[in-house]
Amino acid sequence: MNANIISGYLQYLRKSRHYTQEELAEKLNISRQAVSKWETGAAIPDIGILLKISRLYGITINDILEPDIHPQRITDFEQISAIPETELKKILKQFDTNALAAALMGASPEINSLCERLFPGTDFKTAQNLAGRIPIEMAEDMQNQIVTMINLQAVRNEKELFT
């Protein structure tokens, strides 16, 4: 469960239904500030609100917490080099250094070099050394979260083109 993915997905759901934060707040009987906190990743809705959101959008709570974003741009972490660097950097900034370091542990030297170029002040090697050995599943999970964020951004951009 990644708060950045959940926040992005909640914002996408709201915008896809053409609700303002205020309108959604009214429908859920909460404050607009609560909606804003979810969409910025500062908070995650509690279980009661998640149930209301799932009913409003006709999806399950699990769909909200672990959204299935169909590939729009890439299907694999090694394809991140196809994303324009300014856009990729903006997306990757949503992850902390340790998360990126874990993702890079299972990546090719080319992808490692790309990330070092995007974040010249970040010492990924030291972060990886501090983390030590991690299960490959952990590296793959972080890679999948990054791929999901890239595809979620593509879905959002597509939606904005048609609204």
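Tyr 9 counts as buried, at 11% relative accessibility. Buried means under 20% relative accessible area, exposed means over 50%, and partly exposed lies in between (1.4 Å probe, protein chains only). The model is predicted: local features need pLDDT of at least 70, side-chain atom pairs count only at pLDDT 80 or more, and totals for chains, interfaces and linings use all residues. Residues are numbered from 1 along each chain as its sequence is written, and side-chain values use heavy atoms, with hydrogens and water left out.

Tyr 12 counts as partly exposed, at 22% relative accessibility. Tyr 9 and Tyr 12 sit 3 residues apart in helix H1, which separates them by about one helical turn. Helices (H or I, at least four residues) are DSSP runs, numbered from the N terminus.

Now the rings. A pair of aromatic rings is described by the distance of the centres and the angle of the planes. Rings of Phe, Tyr and Trp (its six-membered ring) pair if their centres lie within 6.5 Å; planes under 30 degrees apart count as stacked, over 60 as edge-to-face, and the rest as tilted. A search of the whole structure finds 3 aromatic pairs. In one of them, the ring centres of Tyr 9 and Tyr 12 are 6.0 Å apart and the planes meet at 25 degrees, so the pair is stacked. Phe 119 and Phe 124 form an edge-to-face pair, with 6.4 Å centre to centre and 80 degrees between the planes. Both Phe 119 and Phe 124 are buried.

Back to H1. Ser 7 lies in this helix and is buried, with a relative accessible area of 6%. Which residues does Ser 7 contact, leaving aside its neighbours within four places in sequence? They are Trp 38, Glu 39, Thr 40 and Gly 41, where contact means heavy atoms within 4.5 Å. Arg 17 is placed in the loop between helix H1 (3-16) and helix H2 (21-28). Arg 17 is partly exposed, at 33% relative accessible area. Its C-alpha atom is separated by 8.5 Å from that of Tyr 57, 40 residues apart along the chain.

Next, helix H6 (residues 85-92). Its residues Glu 87, Leu 88, Ile 91 and Leu 92 are buried. Seen down the helix axis, the buried residues of H6 fall within an arc of 130 degrees, so they line one face. That arc is taken from the directions from the helix axis to the C-beta atoms. On the other side of H6, Thr 86 and Lys 90 are exposed.

Of its 28 residues, Phe 77, Ile 80, Leu 88, Leu 92, Ile 146 and Ile 150 touch the most other members. A nonpolar core is a set of buried Ala, Val, Leu, Ile, Met, Phe, Trp, Tyr and Cys residues joined through side-chain atoms within 4.5 Å. H7 gives the largest share of this core, 6 residues. Apart from it lies another core, of 19 residues, among them Leu 10, Tyr 57, Leu 152 and Val 155.

Last, the largest pocket, with a volume of about 180 Å³. On a 1 Å grid over the protein atoms alone, a pocket is an open set of points where a 1.4 Å probe fits, with protein on both sides within 12 Å along at least five of seven lines; lining residues have an atom within 4 Å of a point. Of the 10 lining residues, Ile 5, Glu 66, Asp 141, Gln 145 and Thr 148 are the closest to its centre. H10 gives the largest share of the lining, 4 residues.

How values were computed: Helices (H or I, at least four residues) and strands (E, at least two) are DSSP runs, numbered from the N terminus. Grid points are joined across faces, edges and corners, and a volume is the space filled by probe spheres set on the points.
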